[in-house]
Amino acid sequence: MPTHPSDASTQNSTLAGHLLDQYAGRIARVRRPYVLGLSGLQGSGKSTLAREMKTQAESRGWPTEVLSLDDFYYSRSEREVLAHQIHPLLKTRGVPGTHEIELLMSVLAALPQASDKLPVEHPRFDKGRDTRMAPSKWPKVTRPPKLVILEGWALGLRPQLLGALDKPVNELERDEDPEGTWRHWVNKQLRGYQPLWRKLDALIVLQAPNWEIVRKWRSQQEEELLARHAPLAMDAQTMVRFLAHYERLSRHALATLPEQADTTVEYDDDRHVIALNHS
């Protein structure tokens with residue numbers, strides 16, 4: 001049975017409280033914004049959990065900002081340049097190398113000095129139009145946060161060993177990246193994300209049971225968008241192709257991230273929390 005919306009809301013509320021309790025002492029001790037990473041694969045509910053954590057953190061008197069790695073995707077036109085110069089598969093957002101990491105690093109660096117006179121702006125990505133919103137629509141931070149929650153699908157991920165790149169993991173890689181050019185380039189870009197991961201004071205990983213379940217969760221999200229007639233919502237076939245871009249590193253994340261996490265939240269197939277492990 002899938003989780004009922006009200007059950008999911010209660011679970012999220014309880015989980016957010018537990019996580020904030022776990023890190024409260026550390027958040028209180030630091031004199032700068034405490035940066036908490038929230039890593040989870042597609043459809044794992046990280047954005048919803050991050051919003052709930054922000055609400056509860058602010059009720060505790062901690063000014064909080066949520067940053068999403070997704071908002072730092074390059075615009076569609078910039079990805080088209082990558083697709084032309086390096087490999088056609090880079091037209092699709094998602095993999096390492098399609099985010100503007102330098103911009104995210106500069107936002108994190110500026111947040112401790114945020115004020116009315118020095119507002120910190122950060123981008124918003126419109127997934128319906130598959131490009132960035134106009135800068136006039138970007139959120140402005142005008143106070144230094146006590147807590148920054150950075151959420152994203154590949155947070156904390158390290159590059160794969162080169163030998164792991166030899167064999168394609170799906171039809172997309174076999175048919176459209178037969179030489180391995182795309183996957184080698186993406187893996188190399190992941191090295192450039194490591195300085196960002198080092199900015200995290202702690203990493204929370206939302207751990208799904210397996211890749212097949214992740215694919216199901218993400219497809220359910222898209223079915224809801226289709227039902228609402230959302231612009232550019234993907235049909236099942238388009239969704240399968242889209243997720244194929246993520247499969248390699250999603251499997252790598254499922255296998256390797258729990259051992260790097262400060263906290264792992266384990267979910268069953270229906271997104272019920274079944275374990276909470278703190279290292």
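Modeller: Let's start with R271, which counts as partly exposed because its relative accessibility is 24%; partly exposed lies between buried, under 20% relative accessible area, and exposed, over 50%, using a 1.4 Å probe and protein chains only. This is a predicted model, where local features need pLDDT of at least 70 and side-chain atom pairs count only at pLDDT 80 or more, while totals for chains, interfaces and linings use all residues. Residues are numbered from 1 along each chain as its sequence is written, and side-chain values use heavy atoms, leaving out hydrogens and water.

R271 has a phi near 65 degrees, a positive value in a residue other than glycine. You will find R271 in the loop between β9 and β10 (273-278). Names like these come from DSSP runs: helices are H or I with at least four residues, strands are E with at least two, and both are numbered from the N terminus. D130 also has a positive phi, about 60 degrees, although it is not a glycine. D130 sits in the loop between β4 and β5 (131-132), and with a relative accessible area of 17% D130 is buried.

Now for the aromatic rings. Rings of Phe, Tyr and Trp (its six-membered ring) pair if their centres lie within 6.5 Å; planes under 30 degrees apart are stacked, over 60 edge-to-face, and the rest tilted. That rule gives six aromatic pairs. One of them joins Y73 and F125 edge-to-face, at 5.3 Å centre to centre with 70 degrees between the planes. This pair links distant parts of the chain, 52 residues apart: Y73 is in the loop between β2 (64-68) and α3 (76-85), and F125 is in strand β4 (residues 125-126). Y73 is buried at 1% relative accessible area, and F125 is buried at 7%.

W217 and Y267 also pair edge-to-face, at 6.4 Å and 80 degrees. W217 belongs to helix α8 (residues 211-227) and Y267 to strand β9 (residues 263-267), so this pair ties together parts 50 residues apart in sequence. Both W217 and Y267 are buried. Elsewhere, ring pairs link W153, F242 and Y246 into a cluster.

Finally, look at helix α6 (residues 181-191), where W182, R183, W185, V186, N187 and L190 are buried. What covers these buried residues includes α3, α5 (171-176), α7 (194-197) and α9 (236-260).

Key
Contact means heavy atoms within 4.5 Å.
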